[in-house]
Structures are given as structure tokens and as C-alpha cells.
Amino acid sequence: MNDLLDFDRQHIWHPYTSVRSPIPAYHAVSASGVRIELADGTELIDGMASWWCAIHGYSHPVLTAALSAQADKMAHVMFGGLTHEPAVELARRLVDITPQGLDYVFFSDSGSVSVEVAIKMAIQYWQAQGRPKKHRLLTIRGGYHGDTFGAMAVCDPVGGMHALFQGVLPQHLFAPQPSSRFGEPLAAADARAVEALMEAHAGEMAAVILEPVVQGAGGMWFYSAEYLRHVEQLCRRHDVLLIADEIATGFGRSGTLFACEHAQVVPDIMCLGKALTGGYLSQAATLANGRVADGISQDGGVLMHGPTFMGNPTAAAVAIASIDLLFAGGWQARVHAIEEQLARELAPYADDRRVADVRVLGAIGVVETVQEVDVASAQRAFVAEGVWIRPFRNLIYVMPPYVIEPEDLSRLTAAIALGLPG
Ligand SMILES: *Cc1c(COP(=O)(O)O)cnc(C)c1O
């Protein structure tokens with residue numbers, strides 16, 4: 001064990017780990033295209049896009065050039081009282097490419113914070129309407145919205161961390177996870193469950209918050225677009241706002257630019273992050289429609305949030321380059337090709353007795369196992385095979401950079417066999 005890994009193991013927390021017996025971390029030294037290089041020279045084909053982020057792969061010359069040019073000019077300035085071209089140009093693009101009506105942009109430094117801001121917007125909106133009792137949220141089980149307190153409170157209550165923080169988290173409303181799969185019609189029971197909750201609680205509800213169609217870190221579940229459309233209709237009927245958390249799905253991952261588009265749903269508030277900067281820097285955005293933005297701002301109201309690094313020019317410059325690259329590169333054809341290949345190459349796993357379910361949507365492929373995966377040993381096997389796949393619970397999944405070549409994708413799908421428990 002070298003010095004670096006020793007120090008890391010003894011002093012640094014990695015995500016969701018103990019400092020006493022952490023799952024081993026590997027020493028990455030560089031990354032380029034779809035390959036991550038380790039200190040011992042091992043090259044790993046990346047199946048994770050660094051958690052939905054690196055859609056163009058690593059060290060993309062166009063993104064790196066945008067970053068260094070902006071860093072040379074003005075790496076950062078406060079956004080209080082100052083503005084700049086990168087923030088304005090990025091906001092212009094976001095207003096342009098997101099569903100109609102999301103015309104107001106609030107920048108922040110991470111996805112979780114953008115969710116906090118979305119929740120704040122919804123609550124401030126109803127306060128400004130003279131209806132302060134409308135302050136609760138409804139969400140669906142199996143969701144993930146981030147690790148800060150407001151976001152945690154709308155994560156899945158079991159898979160999330162509600163038991164750990166009992167008495168501290170606000171109590172929100174949870175509809176069952178929709179059982180209707182993506183591509184299938186909405187089951188009556190799914191429809192009724194959320195309907196009943198909204199009928200009973202609309203008077204105290206500020207908003208519904210959900211991940212449209214694709215539930216990510218809560219369980220990698222793809223649900224029926226009709227369910228999303230149904231929830232939108234219920235929101236309109238009961239005068240409740242709709243917040244779409246597109247932090248994972250934004251920028252093409254599920255096959256449409258935003259996952260809302262699978263259902264032609266237009267939310268009142270939308271959260272973006274992760275792939276926003278092509279995986280280079282942390283930056284997020286919360287977009288709101290005129291109803292919400294004007295509603296908060298009427299009678300001299302202000303939105304009460306202001307992170308230090310909001311609108312960071314370097315992050316914004318990379319984000320602009322990333323969005324332009326996405327559109328120039330024919331992302332939709334690439335994502336569809338990945339989807340077809342994933343569907344073809346993962347299908348045989350469905351017959352394996354160790355596998356509970358296989359599902360594919362856009363550039364996301366999921367193999368759900370019967371037993372829980374031993375992450376440390378699965379990762380050892382993956383690294384020995386030259387791929388980077390990071391399972392959690394009973395889920396082995398890949399969501400590679402869109403630029404992955406078919407041969408590399410085949411190595412990822414084949415390698416999944418090595419991680420199957422049981
Ligand atoms: C990752 C994620 C978040 C949190 O974003 P961070 O940048 O990690 O704070 C919120 N919602 C969804 C759907 C996510 O996938």
C-alpha cells in the first residue's frame with residue numbers, strides 16, 4: 001500500500017463510508033475519453049460517467065479549452081451585484097432548451113442545493129399568495145434528491161436516511177413507488193394511490209417533487225410516463241406546484257433532452273446539475289416559470305438564497321461549451337445507439353437465476369440482482385477486467401459517457417457477469 005492510499009484510508013471520508021473500515025478506493029491519476037487511468041497503469045473503461053456527469057467523456061479538448069480560457073480571464077466573482085457573460089449565456093441556453101415557460105434561472109453550487117432552492121421557491125410562493133399552510137411536499141417512494149436536510153426529507157424514507165434523523169427532518173407525504181414500468185400504461189392502483197393522497201392533503205401541499213420517469217440513486221427504477229402525466233394533471237387540479245428534479249436525467253441521458261419530455265410534462269420548477277458542466281465543475285440551476293417567479297417577487301418579495309459560488313464563471317463557461325458540444329455532436333443518435341446495444345447485450349442476463357430484473361432506458365442499463373452485491377469484491381473483479389462499474393445494494397448498472405464506442409460498451413456489459421452475487 002503506498003503513502004497516498006494510506007493517508008486516504010486513515011484521514012478521508014469517501015461517500016457513505018466509515019473511517020475505520022472503508023471500502024478500498026483506487027488511485028486515479030488521469031482520465032481521457034472513456035478511460036480512467038490508475039496509478040499502477042491500469043486503464044478502466046468508464047461505465048459510470050462519474051455519476052451521470054461526464055457525458056462527453058474526460059479531458060475533452062473543447063471543454064478544457066473553455067475552462068482554461070475563462071480561468072485566465074476571470075475564474076470567479078461574486079454574483080451579488082455583479083453579472084457576466086458566462087452566466088448570462090448559460091442562462092440563455094437553459095431557458096431556450098428546457099420546456100416552455102421555465103424562464104427564470106437561479107444558479108447554485110450543487111444539485112442538493114438546487115433542490116433546497118426549488119423547495120424554498122415553492123414554499124415562498126405560497127407564503128406570498130397568503131397561503132402559508134401550503135408548505136408540505138409530496139413525493140414518491142424510491143426517490144433520491146440529495147443529501148442536505150431539505151433534500152433528504154424527500155428521499156425514500158427507508159433507502160434514504162430518515163431513521164437516522166428522526167425528529168429532525170420535516171415530515172412530508174410519500175406516494176407508493178409506481179409499479180407501472182416505463183413504456184407500459186399506468187396501472188389503476190398507482191393512479192389511485194397518489195390521487196387519494198393529493199385529495200386528502202392538497203390544502204397543506206406546496207408541491208410535488210419527483211424525478212421524472214427515471215428514479216436514480218434511490219433504486220434505478222424507470223416508471224410509466226403516464227404516471228408522470230397523471231401527477232401533473234393532479235397538480236393542476238388541486239393547485240399544487242410540480243418540481244421536476246432532472247439533475248440525473250437532464251441533457252439527454254434517458255433518450256430525450258429532459259425526461260419530462262417522455263410525458264410532455266412541463267413542471268413549474270426544474271432542477272439541473274450533474275451533466276450541466278459536462279462533469280468538469282460543480283454547478284447547478286433551478287429554473288422556475290413566471291407564475292412562481294412573479295408570485296414570489298410580487299409586493300417586493302425576494303427569493304432568499306445566495307450561495308457563494310452561484311453562477312461561477314468558469315463552471316458556466318464549461319457548461320456553455322458542454323451544451324454546444326451536445327447539440328453539435330448528434331447526442332440523440334448516440335444515446336439511441338447505446339440504448340439499442342444495452343438492450344441487446346443485457347437481455348440474456350434476464351435468464352440468469354441470480355438476476356431479478358433487467359431494464360434499459362436511453363444510455364442507462366440496469367441489472368437488478370436477487371442478492372445484495374458485495375461492492376468491494378465486485379469492484380476488484382471489475383478493475384481486474386479493466387472496467388469501472390460501481391454497484392450499490394442489488395443494482396449493477398452502467399451509464400457511460402455518450403461518446404463510448406460499441407467495443408468498449410460490450411466490455412462493460414460483459415463484465416457485469418463478474419459482479420453477480422450468489
Ligand atoms: C445527484 C442527485 C442530486 C444531488 O446532487 P449533488 O450535486 O450530489 O448535490 C439530486 N437529485 C438527483 C436526482 C440526483 O441524481
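Reply: What follows goes through the sheets, a hairpin and some helix contacts in turn.

Me: What should I know about the model before we start?

Reply: This is a predicted model, in which local features need pLDDT of at least 70 and side-chain atom pairs count only at pLDDT 80 or more, while totals for chains, interfaces and linings use all residues. Residues are numbered from 1 along each chain as its sequence is written, and side-chain values use heavy atoms, with hydrogens and water left out.

Me: In what order do the seven strands of the open sheet run?

Reply: The order is 4-12-11-10-7-5-6, with mixed pairing; strands here are DSSP runs of E with at least two residues, helices are runs of H or I with at least four, and both are numbered from the N terminus. Two strands count as paired if DSSP finds at least two bridges between them. Strand 4 (102–108) and strand 6 (173–175) are the edge strands, each pairing on one side only.

Me: And how are neighbouring strands of this sheet turned against each other?

Reply: By 20° on average, with direction ignored; axes are lines fitted to C-alpha atoms, for helices over the stretch in contact, and angles run from 0 to 180 degrees between N-to-C directions.

Me: How do strand 4 and strand 12 pair?

Reply: They pair in the antiparallel sense over six bridges, strand 12 being residues 284–289, and V105 stands opposite L287 in strand 12.

Me: Which strands does helix 5 lie across?

Reply: Helix 5 lies across strand 4, strand 5 (136–140), strand 7 (205–210), strand 10 (241–245), strand 11 (269–272) and strand 12, and runs at about 25° to strand 12.

Me: At what angle do helix 5 and helix 9 cross?

Reply: The axes of helix 5 (residues 111–128) and helix 9 (residues 290–297) cross at roughly 60° and come within 8 Å. That makes helix 5 oblique to helix 9, given that angles under 35 degrees count as roughly parallel, over 145 as roughly antiparallel, 65 to 115 as roughly perpendicular and the rest as oblique. Contact, meaning heavy atoms within 4.5 Å, is made by M121, Q124, Y125, W126 and A128 of helix 5 with R291, V292, G295 and I296 of helix 9.

Me: Switching to helix 7 and helix 8, how far apart are their axes?

Reply: The axes are 10 Å apart, and helix 7 (residues 188–201) packs with helix 8 (residues 225–238) at an angle of about 20°. Helix 7 and helix 8 are therefore roughly parallel to each other. Their contact includes D190, V194 and M198 of helix 7 and Y227, L234 and H238 of helix 8.

Me: Last one: why is strand 13 largely enclosed?

Reply: Five of the seven residues of strand 13 (residues 355–361) are buried, so the rest of the structure largely encloses this strand; buried means under 20% relative accessible area, exposed over 50% and partly exposed in between, with a 1.4 Å probe and protein chains only. Strand 13 runs antiparallel to strand 14 (residues 364–369), joined by six bridges, and R359 has V366 as its bridge partner in strand 14. The two strands form a hairpin with two residues between them, and G362 in the turn has a positive phi of about 55°.
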